[in-house]
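Please open the structure in the viewer and keep the selection tool at hand.

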Amino acid sequence: MIGFQYARAGDVTDAVRLMAGDPRAKFVAGGTNLIDLMKMDVERPSMVIDINRLPLKEVEEVPGGGLRIGALVRNTDLAYNALVEERYPVLASALLAGATQQLRNMASTGGNLLQRTRCHYFYDTATPCNKREPGSGCSAIGGQNRMHAILGASDACIAVHPSDMCVAMAMLEAMVRVTGASGERAIPFAEFHRLPGETPERDTNLSAGEIITAVELPPRGFATNYTYLKIRDRLSYAFALVSVAAGLELEGGTIKEGHFALGGIAHKPWRDPQAEAALRGQPANAKTFALAADIFLRDAEGYEHNAFKIDLARRCIMRALSQAAAGTPQSQSSKKIV
Amino acid sequence: MAPYIGTATSRIDGIAKVTGAAKYAAEFNVPGLLHGSVVTSTIAKGRITRLDTSAAMRVKGVIDVLTHENRPPMADNDQAYKDDVAPPGSPFRPLYDDKIKFNLQPIALVVAETSEVARFAASLVTVEYEEVAHVTDIFAARDAAVPIKPPASPVGFTPPKARGQPNRALARAAVRHEGEYYVPIEHHNPMELYGATVIHESDGKLTVYDKTQGVQNVQRYLCGVFGMKPEGVRVLSPFVGGAFGSGLRPQFEAVLAVLAARALERSVRVVLTRPQMYALGYRPAMVQRIALGADADGTLDAIAHDAVTATSQFEEYFRQETGWSGLLYKCANAKYEHKLARLDLPTSCDMRAPSAPTALFALESAMDELAVALELDPLELRLRCYSERDQNHDRPFSSKALRECYRQGAEAFGWNKRNGAPRSMRDGSELVGWGMATGIWEALQMPITVRIALTANGSAEVACATSDIGTGTYTIMAQVAADMLGLPLENISIKLGDSTLPNSPVEGGSWIAASVSNGIATTVAAVRNELLELAKKVPNSPLANAAPDEVKLADGMIVDERDGSRSVSIADAMRHGGVERIEQEETTNPTADDSRARNTHSAVFAEVKIDEEIGVIRVTRVVSAIAGGRVLNTKTASSQILGSVVWGIGMALHEETLIDHKLGRVMNANIAEYHVPVNADVHDIKVIFVHEHDDSNPLGVKGLGEIGIIGVAPAIANAVYHATGKRVRDLPITLDKLHP
């Protein structure tokens, strides 16, 4: 670990001001990812701005039926929040699919959005990695890439975003509230994370100096027909090979509206409007789900070790949609796939 | 006083461990202790052309940066670097010269006043290399692999000779199965990081606290490497947080810490990081071909077992990978071929039951495939091939209750309810599979010396330089000593893990329980004899005419075994003799009789449930029935088997050291990405110890540290086949291997 300054922000204005004074600073909340990366010399902030005292710890109803989640709400508190459990159970489920109880107790909502990829090469400073060191090359292409992207990758980077929470938020069409020197703005979830393109070092579309203050969920929570299905190389405490957050609105056996987002397969939680359009107005059956999955994966490409994820993703989409349609969401405690 | 041997006695060091009172190698502190941080190579092969430590040296708090260029003298010959269990070859010498032999090789040690400063400064050391092409992939080195040579040293294994006419037997076999099986490199990943604290004493002597499975091995090795006199170095390792074979050979943290302590004449601690521990040894990758030939009735007629295992470019590590096959089953014709593939990696090493879990993954998978070909129940096939003799050496077993393992294991598991057809059993959306496999390991005993000091107040100290690597050695030593000395358990204190104590081999090979328990028995006999002499001198001694083998120690008394009313208390005998303390030290050698084979056995039954579409595998039940001689402590023994089964689940489904062969570097060098089972992966595990009498040593102990892992991975793999109809011959069985 390399020496750094420590500062504590008292409120959002203070945090933004501190950040504006040092472009190499980083905010820290739970520290469950940043501190690890600092120990590995991957992140080398000149200053760490502790935002844990900011008043961003509430989950509040907003007029019109949505929910506003403060950026400092811990993953555990969010997962067991009564409003979330009742109205957005897919989010609660996704949160509980991630990490361990101890990590969820520390990890914050805002930090979860900003967690960095788990690509082996990103973590090992002895290897080339365009995300860590732009221009050095991508070792995962032609290297160990079992965990890597099958959609939206570039020649510069095939890393994936590791979050579970974000997959559910993407499916729910959340809005990310941020504040910077030039004021507040809202970023639709689909536009928050970036694809790697030629600038894989940038994970998100946050502008320099901006801080996440909240995530807002729209009224629609798919609380009746939903699931979060996470498939990984052991039954807990592993990042997703493929995960699916799915929500359906049904009228009889017909899909009125269907959303699904995938984790573990791209540089951001992946949604596909065309695939979802293929659900709309169709019977909630295997044929419909298969068509949607095929559309979703039409451009999928695998590498040496992860080509299996294309077929796995197809199976997971179909299973998740049938779990959602049947009203039998995946349990995160029993590991039996329902 | 109830006997302690054979009971579920809780660990005598348990409270110290859970309260933090038990100190591990990197927890011993002295004023002025310095901290070393290791700089490691980032290439797999070549040489260092430039090593710039100037930036690191400028950091406040940095005392020195040691490299091959400025280190104090070290031995310049291989013999000096040979440890008690070194394989043939030229051992690695840390910081010796500019040569890079493997990635993550230690190349510099930054020594500073705090560990944080040392670690930061280590990140400032810049290195330039001249790279040479490397090979880290066993499949790339396979064709160049060379047959093993029987080692000249007593350590190591001589591959068994072929018997019969295996080629002809295979050719004429009514039913044949042939397959290739692969097990990747696996690392030990003990919870405790490797660390050494070297205390530079005022007289210049060194006290070394090291994480090791053999303090005397480390002590001898350090004397060799640094030309030190034995009395100048004391090595201690009172507690070890797991090692599993990785601490059998001295590791480089001890060398680097001693190097710095000698160079600076200061006390120094070196702790490796988790990634740096992937530069220690590993279970070698193994590519195996097995060919089995059987008669139509399911009796084996031919076994051919070929293996290629990985070692480094500079040492030849191997165990008896192929020989297990012809030992386990009755088969008139057998042949083995074992080759070594040299890779640009550290030397592979022993890891829990070295060679057997890998070899038996292949053999027991192949036997399952043969059972399928024969349309025979896999358990029935094992029974038809049951061997009453070690055919490799044409001798009987000292004991072999494997049949009873099969019977009790099958009954506990409910094996008779198995529908043999693949994909025939279901539980809702999950396919259910039942598989089984056999395990075999060695029951070894090694020479050992034990000292016992008994005081007139009825307390005893039992001392031996062995280690307790978490297995429960402290506890079984106390149990055995308490029973044999006739004293309560709490009156026994155990001293171990100190090179100045009486001689012990390294703690490995499952041999310490048998060695040290029988060693205690020998020394207790000497104590008893001395007590009897004293007791005879007591006025009107009721034991005046008793011979040593006619008395025992019980309840603080020396008692005539033929007439329990004739006794003298230990306190009286010692008081009358004017003796405050009796001390005896005896060496116990195992029997030299090699006319019988000595092995432990197991039968493992596993149930898996697999989601048919997605391939998620859950190991819902395991029954492990063990024939391991006398069980000294049913609680710690059971824990050994439970831990082994969990590891077997990991071997089957999770474990794999991922190497980027272009970079020649381990990429999942941490326990987040190197997967081992977590709680969710572990369900119901039942351990059965079947009765097995063995007279190879007086206590009938065979050792249980390793037998539990063997057979678990193939039992699970066979269950996966039974569930899905899909045979996976390369580990780990990840879900993608079940997809079409």
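Select Ser499(B), which sits in the loop between strand E22 (492–495) and helix H14 (512–536) of chain B; helices (H or I, at least four residues) and strands (E, at least two) are DSSP runs, numbered from the N terminus. The model is predicted, so local features need pLDDT of at least 70 and side-chain atom pairs count only at pLDDT 80 or more, while totals for chains, interfaces and linings use all residues. Residues are numbered from 1 along each chain as its sequence is written, chains are lettered from A and ligands numbered from 1 in the order in which they are written, and side-chain values use heavy atoms, with hydrogens and water left out.

Is Ser499(B) buried or exposed? Ser499(B) counts as buried, at 11% relative accessibility (buried means under 20% relative accessible area, exposed over 50%, partly exposed in between, with a 1.4 Å probe and protein chains only). Next, display the residues in contact with Ser499(B), leaving aside neighbours within four places in sequence: Val215(B), Gln216(B), Gln219(B), Val233(B), Arg234(B) and Val235(B). Contact means heavy atoms within 4.5 Å.

Now colour chain B by domain: domain 1 (18–133 + 191–243 + 247–279), domain 2 (146–186 + 282–444 + 595–738) and domain 3 (445–588). These bounds come from an automatic or database domain assignment.

Turn to domains 2 and 3 of chain B, whose C-alpha centres lie 39 Å apart. Here 18 residues of domain 2 are in contact with 17 residues of domain 3. The two domains bury about 1300 Å² between them, 56% of it on carbon and sulfur atoms; buried area is the accessible area (1.4 Å probe) that two parts lose on being put together, summed over both. On the domain 2 side, select Leu444(B), Leu632(B) and Leu699(B), which lose the most area to domain 3, together 44% of what that side buries.

Between domain 2 and domain 3 of chain B, the count of residue pairs in polar contact is seven (both at pLDDT 80 or more). A polar contact is a pair of N or O atoms within 3.5 Å; within protein, one must be able to donate a hydrogen and the other to accept it, and residues adjacent in sequence count only if both atoms are side-chain atoms. Strand E19 (430–442) and helix H16 (634–653) of chain B each supply at least two residues of the domain 2 side that touches domain 3.

Finally, select Ala332(B), in the loop between helix H9 (323–328) and strand E15 (333–342) of chain B. Ala332(B) is partly exposed, with a relative accessible area of 46%. Beyond its neighbours within four places in sequence, Ala332(B) is in contact with Arg163(B), Gly164(B) and Asp301(B).
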